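Trainee: I have a model open on my screen and I'd like to learn how to read it. Could you walk me through it?

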Amino acid sequence: MGIFDENVEEIKPVKEKEEKVDELINIKDEDQEFSNNVDELISDDMFTMHKKAKVRPKLDREKKYDMIPKMTQQFRFCGNPFRIDSYKGCDFGCKYCFANASNLLGRKGWQTGDIARLERFMSRALDKDEKGNYLCETNSLSMECVRHGVPFHCGGLSDPFQEREWELGITYRLLQLSNKYSYPILFSTKGIIKDEKYWKVLDPKLHAFQLSLISKDTEFLKQFETNTASAEERIAFARELHRRGFWVAIRIQPCIDIEKAMELVEEISGDVDYITVEHLKIDIGNDMIKELFSKQLASGDYHRISTMLFEMDTEKKIKDVEKIKSISKCPIGVGDNDLHYMSDSDCCCGVDTIGPAFDNWIKYNLTYLAKHSNENNEKLWTPKQGCSECFFKGSFGNKVKADDIKNLDFRQYVAEYCRRHPEFMKRKEEFVFDIFKED
């Protein structure tokens, strides 16, 4: 074996995560490094961090949120991991949201994105001199991904079309920048377009939408969401996007009630291009979450996957997905890590089905390799810049030292993840150790 042991425990100790939260919150040069690191901390297990985390109460409008796009550690299993956010914090207040539930990126920690810095970054990355040469060398993972045209996923941590957008227009300026460089963006949102001028800068060739909606029943939604557009408004928005030629998907994330999810699929699947479903995870360390989903916890359908985190039993999730597939008029993606292989396309969000501008999505990951085990995947593009910045201390368990992994390349990180999670490959176990042989 190499430095990785396939039996290393994937679940990070809660105490270690809490210590990391405290460390990030008490940083002296606070806001910039906090915004750069805390999102990576919470991205691996969406609900593991809980109410212990506290965000500084002061809102500093002068200190901007770093909008430079970042690769998240989800690249190991996700084809759409290149994240950008217009804001730090969201005013939609969804009770099941990992950021709002943990009080990490809520109103008290809200900041506007530093769009001017992003504009300078994109200029350095993509502008060329009179000889056709880039203005600077490729000096970071983010710059390398931008030069390759890896699509942005906008809205991973805060909604790009939240209410503040109609006053501040950070996402509007991002759209303008996207048009300037013909750069693709997949937006995730619960919002709707409220200003006609946005339709003038939106381009169906460059911009695609995932609309998050867990039911067509607005009264059901009100149990879990506040300040969001109604179900009727989001369904109408999805249909309007589709009518205007935009690729549009519905994200049933989290899937809380399978009957409500199926009603929505029957209503909308003929008017969208894709639907992604991902089941609920319950963080019992958060009293509000624990009480809100007490019925689910008491049902016997959920099991513990870490000290504080519960998720639905795999076999029940499979039955839910099969039910949804049986009635859907469009392809279905499955966001649960153990069921990615059930997706109807090569990426659970459907980014691989959008169009030519999005073709440079990240293919070298567990999900794609599981579906293409008989192909020569060595030809797939991967970045050459180091990826250690995508991870935090403890990402690989206590048995692996930071010094042992800091020089690994992109493919080695993916190989490590596949070795430790052959169960996620399901019916593909036979090739995992053949593809990723030890040196």
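Mentor: Let's go from the whole chain down to single residues. Keep in mind that this is a predicted model.

Trainee: Fine. How many helices and strands does the chain have?

Mentor: You'll find 18 helices and 13 strands.

Trainee: And what share of the residues counts as buried?

Mentor: Of the 439 residues, 59% are buried. The chain exposes about 18800 Å², and carbon and sulfur atoms supply 46% of that.

Trainee: On to helix pairs. At what angle do the axes of α11 and α14 cross?

Mentor: For a pair like that, look at the distance between the axes, then the angle, then the residues in contact. Here helix α11 (residues 258–268) and helix α14 (residues 314–327) have axes that come within 9 Å and cross at roughly 20°. Angles under 35 degrees count as roughly parallel, so α11 is roughly parallel to α14. Their crossing is right-handed. On the α11 side the contact uses Ile258, Ala261, Met262, Val265 and Glu266, and on the α14 side Asp320, Lys323, Ile324 and Ile327. By class, that contact has six nonpolar, no polar and three charged residues.

Trainee: Which residues make the contact between α4 and α5?

Mentor: Start with the geometry again. The axes of α4 (residues 115–126) and α5 (residues 141–148) come within 9 Å and cross at roughly 65°. This crossing is right-handed. From α4 you get Phe121, Met122, Arg124, Ala125 and Leu126, and from α5 Ser142, Met143, Val146 and Arg147. The residues of this contact divide into six nonpolar, one polar and two charged.

Trainee: Let me zoom in on one residue. Is Val321 buried or exposed?

Mentor: Val321 is found in helix α14. Anything under 20% relative accessible area counts as buried, and Val321 has 1%, so Val321 is buried.

Trainee: Which residues does Val321 touch?

Mentor: Leaving out residues up to four places away in sequence, Val321 touches Val277, His279, Val334, Leu339 and Met342. Take Met342: it is 21 residues from Val321 along the chain, and the C-alpha atoms of the two are separated by 8.2 Å.

Trainee: Which residues does a cis peptide bond join?

Mentor: Gln253 and Pro254, with omega about 5°. Pro254 lies in strand β8 (residues 248–255).

Trainee: And where does Ser182 lie?

Mentor: Ser182 is in the loop between α7 (170–181) and β6 (185–189). Its phi is near 50°, a positive value in a residue other than glycine.

Trainee: What is the phi of Asn227 near?

Mentor: Near 70°, again a positive value in a residue other than glycine. Asn227 is in the loop between α9 (218–221) and α10 (231–243).

Definitions and conventions. Residues numbered from 1 in each chain as written. Predicted model: local features only at pLDDT ≥ 70, side-chain atom pairs only at ≥ 80, totals over all residues. Heavy atoms only, no water. Axes fitted to C-alpha atoms, helices over the stretch in contact; angles between N-to-C directions. Helix = DSSP H or I, 4+ residues; strand = E, 2+ residues; numbered from the N terminus. Left-handed = near helix turned anticlockwise from the far one by under 90°. Contact = heavy atoms within 4.5 Å. Nonpolar A, V, L, I, M, F, W, Y, C, P; charged D, E, K, R; others polar. Parallel < 35°, antiparallel > 145°, perpendicular 65-115°, else oblique. Buried < 20%, exposed > 50% of the residue type's maximum accessible area, 1.4 Å probe, protein only. Areas by Shrake-Rupley, 256 points an atom, 1.4 Å probe, with all protein chains shown as cover.
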